Amino acid sequence: MKPKLFIPGPTHVDQEVLDALAQYPLGHRTADYRELQSKVVAGIKECLYTDQSVLVSTSSATGLMEAGVRNLSRKKVANFVCGAFSKKQAAITKVCGLDQEIFEVPWGQATTPEQVDQALSAGDYDLVTMVFNETSTGVMNPLKEIAEVVNSYPDVLLMVDAVSGMMGSPIKIDEWGVDMALASVQKAWALPPGFSVTSLSDRALERSKTIPDAQKGFYFDFVRMHKAGEKSETPVTPSIPHLYGLLTQLGRIKSEGLENRFDRHKKMAKRVREWGQERFGLYAQPGYESDTLTCFSNKAGIDLIALADAMKSKNYLISGGYGDLKGKTFRLAHMGDLHMTDIDDVLNVLDEVIETL
Ligand SMILES: *Cc1c(COP(=O)(O)O)cnc(C)c1O
């Protein structure tokens with residue numbers, strides 16, 4: 001038996017969803033396929049509270065992180081950094097050769113609307129990048145409030161790495177005014193890895209039309225992806241198994257109810273924080289703790305690598321810190337298809353294991 005996943009991606013996948021991925025393929029230029037994609041896209045739009053575009057991508061989320069900056073900036077990108085993943089977005093921007101400025105806060109802290117306002121008022125930017133849920137530190141940034149600030153600058157688009165937040169916490173794309181929110185499906189969507197989705201606002205699509213092909217490249221050109229999407233197709237052969245999986249998962253999400261799903265995540269997060277707050281301390285700044293994963297610091301001074309190893313020997317995979325925080329923090333995911341009974345279970349086993357260290 002494989003260890004149950006309590007790491008922040010890939011996350012636990014239920015058997016019903018796994019089974020859905022194993023269906024016999026369709027021809028991707030057939031009416032049956034178009035029906036599949038159109039149902040999936042309609043379902044994702046409901047989940048993201050948007051009537052604008054949703055694109056599906058056969059790539060991990062990093063593909064869309066690169067696509068976003070290549071498709072959406074003509075002038076200068078403001079990259080807001082608060083941990084390892086938002087730092088990666090800044091690095092991607094640099095590698096793509098785009099003009100940029102990086103605004104970093106100490107890890108564990110949130111990016112704030114005030115910080116964004118100050119940065120935008122002082123420079124000539126046309127794109128903001130930020131992370132919704134910083135998976136390395138367990139910080140959830142105040143997206144709604146930041147979007148409000150960005151929207152007060154008419155030429156500036158807002159691109160959000162929502163990889164570990166989407167489907168665990170609400171993202172109201174149209175109401176909040178988010179131009180692009182991307183996620184891969186192996187986090188709170190709770191599918192196996194290899195596929196990603198993004199919302200795309202009408203004005204973001206218009207921006208992409210003005211960007212030269214040489215900057216956008218071929219595979220991730222939003223105009224090309226959107227054009228195929230209008231016919232409920234993709235420009236090239238998609239991962240059809242993931243579309244089957246998403247259709248099944250969307251049905252399950254509908255049965256649970258979106259609000260109930262988000263509420264379940266809130267309750268699991270609260271339970272995990274209460275379990276370890278005193279003993280370990282939370283790495284995230286108070287008031288900005290994530291609802292999909294918790295990052296503990298190590299007040300207790302235990303051997304975190306040994307802890308993760310001991311948990312693995314009992315068939316539970318937890319994460320011993322990411323990037324610069326390896327060995328200094330440990331993280332527990334409470335997202336996707338994990339439920340309170342799973343959380344109670346892993347916390348009990350953690351208690352037992354910690355006694356033996
Ligand atoms: C996991 C993660 C990524 C990377 O996603 P891939 O699907 O591995 O490309 C990016 N950003 C955040 C916030 C993540 O949690």
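This is a predicted model: local features need pLDDT of at least 70, side-chain atom pairs count only at pLDDT 80 or more; totals for chains, interfaces and linings use all residues.

Two strands count as paired if DSSP finds at least two bridges between them. Helices (H or I, at least four residues) and strands (E, at least two) are DSSP runs, numbered from the N terminus. In general, the strands of a sheet pair through backbone hydrogen bonds, either parallel or antiparallel.

Residues are numbered from 1 along each chain as its sequence is written, and side-chain values use heavy atoms, with hydrogens and water left out.

Let's begin with a pair of strands. β9 (residues 180–184) and β10 (residues 196–200) run antiparallel and are joined by three bridges. Pick out S184, and you'll find that its bridge partner in β10 is S196.

Now zoom out to the whole sheet. Seven strands form an open sheet with mixed pairing, in the order β2-β10-β9-β8-β5-β3-β4. β2 (53–57) and β4 (100–104) stand at the edges with a single partner strand each, so one side of each has no neighbour in the sheet. From one strand to the next, the twist averages 15 degrees. (Axes are lines fitted to C-alpha atoms, for helices over the stretch in contact, and angles run from 0 to 180 degrees between N-to-C directions.)

What packs on this sheet? Helix α2 (residues 31–47) does, touching β2 and β10, and its direction makes about 120 degrees with that of β2. Contact here means heavy atoms within 4.5 Å. Helix α4 (residues 84–95) lies across β3 (77–81), β4, β5 (127–131) and β8 (157–161), running at about 155 degrees to β3.

Next, find Y153 in the loop between α6 (143–151) and β8. Leaving aside its neighbours within four places in sequence, Y153 is in contact with D117, L120 and S121. With D117 there is a polar contact between the two side chains, at 2.6 Å. A polar contact is a pair of N or O atoms within 3.5 Å; within protein, one must be able to donate a hydrogen and the other to accept it, and residues adjacent in sequence count only if both atoms are side-chain atoms.

Time to step back again. The chain is divided into domain 1 (4–10 + 257–356) and domain 2 (15–254), with bounds that come from an automatic or database domain assignment. Their C-alpha centres lie 26 Å apart. The contact takes 26 residues from domain 1 and 36 residues from domain 2.

How much area do domain 1 and domain 2 bury between them? About 2500 Å², 58% of it on carbon and sulfur atoms. Buried area is the accessible area (1.4 Å probe) that two parts lose on being put together, summed over both. F262, Y288 and Y322 supply 24% of the area that domain 1 buries against domain 2, more than any other three residues.

Across this interface, 16 residue pairs are in polar contact (both at pLDDT 80 or more). On the side of domain 1 that touches domain 2, α12 (258–280) and β11 (293–296) are the elements that give two or more residues, and α12 gives the most, with five.

We'll finish with R252. A salt bridge is a side-chain nitrogen of Lys or Arg within 4 Å of a carboxyl oxygen of Asp or Glu, and one is counted between domain 1 and domain 2. R252 forms a salt bridge with D337, the closest N and O atoms being 2.9 Å apart. R252 also forms one with E16, at 2.8 Å.
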